[in-house]
Amino acid sequence: MVQSTDDVELSCDEVLVLLAEYTEREQRGEDVRQLMPLVAAHLERCRDCLEEYQALHRILDAPLGA
């Protein structure tokens, strides 16, 4: 795990604060990997945050009134 760390990383708390923005921008077609690379990198490494991201994606993808 230590080998997969970077010099600059976001904590889970920091990622969770940015997750709604990240997901909304992605849904608008913006290149979030370019715009928010630290969030993208964290999601690749952290299963818990990835699950939160996926849940948020499902909520935003759900039809209104569902």
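User: How many disulfides does the count come to?
Analyst: Zero, taking a disulfide as a pair of cysteine sulfur atoms within 2.5 Å. This is a predicted model, in which local features need pLDDT of at least 70 and side-chain atom pairs count only at pLDDT 80 or more, while totals for chains, interfaces and linings use all residues. Residues are numbered from 1 along each chain as its sequence is written, and side-chain values use heavy atoms, with hydrogens and water left out.

User: Moving on. How many aromatic pairs does a search of the whole structure find?
Analyst: One. The ring centres of Tyr-22 and Tyr-53 are 5.8 Å apart and the planes stand at 70 degrees, so the pair is edge-to-face. Tyr-22 sits in helix H1 and Tyr-53 in helix H4 (residues 47-61), so the pair links distant parts of the chain, 31 residues apart. For the cut-offs, rings of Phe, Tyr and Trp (its six-membered ring) pair if their centres lie within 6.5 Å; planes under 30 degrees apart are stacked, over 60 edge-to-face, and the rest tilted. Helices are DSSP runs (H or I, at least four residues), numbered from the N terminus.

User: Is Tyr-22 buried or exposed?
Analyst: Buried, with a relative accessible area of 4%. Tyr-53 also counts as buried, at 14%.

User: What does Thr-23 touch?
Analyst: Tyr-53, Leu-56, His-57 and Leu-60, leaving out residues up to four places away in sequence. Contact here means heavy atoms within 4.5 Å. Thr-23 lies in helix H1 (residues 12-27) and is buried, with a relative accessible area of 0%.

User: And where is the backbone oxygen of Leu-19 relative to its side chain?
Analyst: The backbone oxygen of Leu-19 is 2.9 Å from a polar atom of the Thr-23 side chain.

User: OK, helix H3. Which residues are buried?
Analyst: In H3 (residues 37-45) they are Val-39, Ala-40, Ala-41, His-42 and Leu-43. The buried residues of H3 pack against H1, helix H2 (32-35) and H4.

User: What does Leu-43 touch?
Analyst: Val-15, Leu-19, Tyr-22, Cys-49, Leu-50 and Tyr-53, again not counting residues up to four places away in sequence. Leu-43 has 6% relative accessibility, so it counts as buried. Its C-alpha atom is separated by 8.4 Å from that of Val-15, 28 residues apart along the chain.

User: How about Val-39, what does that touch?
Analyst: Leu-10, Val-15, Leu-18 and Tyr-22, with the same exclusion of residues up to four places away.

User: How many residues has the largest nonpolar core?
Analyst: It has 12, among them Leu-10, Val-15, Leu-19, Tyr-22, Val-39, Leu-43, Cys-46 and Tyr-53. H1, H3 and H4 are the elements that give two or more residues to this core. A nonpolar core is a set of buried Ala, Val, Leu, Ile, Met, Phe, Trp, Tyr and Cys residues joined through side-chain atoms within 4.5 Å.

User: Now charges. How many salt bridges does the structure hold?
Analyst: Six, where a salt bridge is a side-chain nitrogen of Lys or Arg within 4 Å of a carboxyl oxygen of Asp or Glu. One of them joins Arg-33 and Glu-44, at 2.4 Å from N to O. Arg-33 is in helix H2 and Glu-44 in helix H3, so this pair ties together parts 11 residues apart in sequence. Arg-33 is partly exposed at 48% relative accessibility, while Glu-44 is exposed at 56%.

User: Which residues are linked in a network of salt bridges?
Analyst: Glu-21, Arg-25, Arg-28 and Glu-30. The closest N and O atoms of Glu-30 and Arg-28 are 3.0 Å apart.

User: Where do Arg-47 and Glu-51 lie?
Analyst: Both are in helix H4, four residues apart, about one turn of the helix. Arg-47 counts as exposed at 65% relative accessibility, and Glu-51 is partly exposed at 42%.

Technical notes: Buried means under 20% relative accessible area, exposed over 50%, partly exposed in between (1.4 Å probe, protein chains only). A polar contact is a pair of N or O atoms within 3.5 Å; within protein, one must be able to donate a hydrogen and the other to accept it, and residues adjacent in sequence count only if both atoms are side-chain atoms.
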